[in-house]
Amino acid sequence: MSIRNPESSMTPDESGQGTHGIDRRAVLRGAGLLGALTASGGALAAPAQAESAQAAAPSALDPTVFTLTADYSEYTTRVEALLEQAGSASVSEVMDNANHDRTEARVLDNQVHGFRFASSDENDPDVAPQGITTSRDSVGTAGNGRYDGRQVIAVSFYNTSPTGSHINLIDWDANHPNSYRRILLVEPNGTAAEPSFEDVKIHVGGIAWYGDLLYVADTGSGMRVFDMSRIVTTDTGGTKDQIGREGDTFYAHNYAYVLPQVGTISSEVAGDTEKLVWSTLSLDRVSRSIVMTEYRCVDCDGDYPEGPTRAVRFPFAEGKHTFAGTTTATEALDVPVHYLNGVASHNGRWWFNDSHNKTLHHWSGSGAMISNPWVSWGESLSYWEDDDGPDLLWCLKEEKGDRPVFAVKQGDYS
């Protein structure tokens, strides 16, 4: 969710050696983290971690009023046809062709990692980063969190010219260059005989990668689902405005790769319960669930929804990376704070990112919330499990000219 920091006006929008045989110093070096970290492409403050405070605890809501309806088959025939007719690429192949460089950045004095995108993303007024997930969400800690042999981070962007959305897939491994590639998100259309696709015109406020599947928040509806094992290759020629099939050629605004939607998860409520606002989400690997929360504010004059903020947990089907046909929430909370652009949960604990008040709240599941000073313009959160070191919380900022991605020890904010 785009949100201005407290000093700005708001604008409306759509709502040692590791056990796996890898030298951890080499991994840090590959990530650009040994030696002095400096900001590039724009000035960054590096505030020290300040004292935490307490806030009121969330209260329980009836989770049974919140349900999901899943459809993973609507696009199947057209996606398979696109892969056959346009061509396919694996995540490893995409990263072998990564064509943008990231550089190190310091956001907080106590951070563990930090980087920023190339200036073409850092300063582009027509895009804004929103969601974040990693290959550790996808596969856990096995093989140092590698999916298709690559340890990567994914960040979602919404685009305003042309309107659409994409992800940046960033290599995060000392064995590979500090580079990334953009992949356009598309919705299949046309027919099985002549498949095509169009832009996904949503805010992409949160993303979660589980197994092969990428779950993307769709603000007013629930989630859209994409399959990271079904990346489609496209022609980089044509014009910036061209999208979809033209004859036997597939264009995607000059992108080389598109990720077609494979499923839709619709959010429903019972009775007179107010419909959920899917502002952001993330994966909880411990409970095998998606957690989401709403961006709601106070006195926003209709620019954003107001009222109480809710956070809800939806479990995956037993032993699967998919939801059942119908899924009922297992936990729902009334969270006594507003302006939430990020949420994470792990082992019964919760974190909530209040971007307006620059606060990261932690709740253990009982008692008061602990509130820590945080960054301005903060967006989504992602929990990073690590067998060889501290577990991390990843986050990012969205302000034009100041869009770093960074990670802190979760224990510093618990």
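Start by selecting R136: at 3% relative accessibility it counts as buried. Here buried means under 20% relative accessible area, exposed means over 50%, and partly exposed lies in between, using a 1.4 Å probe and protein chains only.

This is a predicted model, in which local features need pLDDT of at least 70 and side-chain atom pairs count only at pLDDT 80 or more, while totals for chains, interfaces and linings use all residues. Residues are numbered from 1 along each chain as its sequence is written, and side-chain values use heavy atoms, with hydrogens and water left out.

**Stop 1: R136 and its partner**

A salt bridge is a side-chain nitrogen of Lys or Arg within 4 Å of a carboxyl oxygen of Asp or Glu. R136 sits in helix 5 (residues 135–139), and D386 sits in the loop between strand 29 (382–384) and strand 30 (392–396). The two residues are 250 residues apart, so this pair links distant parts of the chain. Helices (H or I, at least four residues) and strands (E, at least two) are DSSP runs, numbered from the N terminus. D386 is buried too, with a relative accessible area of 11%.

**Stop 2: the largest cavity**

What else lines the largest cavity with R136? Select D137, L283, D284, R285, H346, Y383, W384 and E385. Helix 5, strand 20 and strand 29 each give two or more residues to this lining. The cavity has a volume of about 50 Å³. A cavity is a set of points, on a 1 Å grid over the protein atoms alone, where a 1.4 Å probe fits but cannot get out; lining residues have an atom within 4 Å of a point. Grid points are joined across faces, edges and corners, and the volume is the space filled by probe spheres set on the points.

**Stop 3: the sheet with strand 29**

Now select strand 29. It belongs to an open sheet of five strands, in the order 6-7-31-30-29, with antiparallel pairing. Two strands pair if DSSP finds at least two bridges between them. Strand 6 (103–104) and strand 29 stand at the edges. Each has a single partner strand, so one side of each is left without a neighbour in the sheet. Strand 29 and strand 30 run antiparallel, joined by three bridges. Click S382: its bridge partner in strand 30 is W394.

**Stop 4**

Move to strand 14 (residues 213–218). Is this strand mostly covered or mostly exposed? It is mostly covered, as six of its six residues are buried. L213, Y215 and A217 point one way, while L214, V216 and D218 point the other way.

Y210 stands opposite L213. Two residues separate the strands in this hairpin, and G211 in the turn has a positive phi of about 65°.

D218 has G222 as its bridge partner in strand 15. Three residues join strand 14 to strand 15 in a hairpin.

**Stop 5: the nonpolar cores**

Click Y215 again. In the largest nonpolar core, of 37 residues, Y215, M223, F314 and F323 have the most contacts. Apart from that core lies another, of 26 residues, among them A128, A154, V204 and L259. A nonpolar core is a set of buried Ala, Val, Leu, Ile, Met, Phe, Trp, Tyr and Cys residues joined through side-chain atoms within 4.5 Å.

**Stop 6**

The model's salt bridge count is 18. Select R296 and E274, whose closest N and O atoms are 3.2 Å apart in a salt bridge. R296 lies in the loop between strand 21 (289–293) and strand 22 (309–315), and E274 in the loop between strand 19 (257–269) and strand 20 (280–284), so the pair ties together parts 22 residues apart in sequence. R296 counts as buried, at 0% relative accessibility. E274 is partly exposed, at 48%.

Now try K397 and D402. Their salt bridge has its closest N and O atoms 3.0 Å apart. K397 counts as buried at 7%, and D402 is buried at 11%. Finally, select E274, E294, R296 and R310: salt bridges that share partners join them into one network.

**Stop 7: the disulfide**

How many disulfides are there? The count is one. Select C297 and C300, whose sulfur atoms are 1.9 Å apart. A disulfide is a pair of cysteine sulfur atoms within 2.5 Å. Both C297 and C300 are buried.

How values were computed
1 Å grid on protein atoms, 1.4 Å probe; cavity = no way out; pocket = protein on both sides within 12 Å on 5 of 7 lines; lining within 4 Å.
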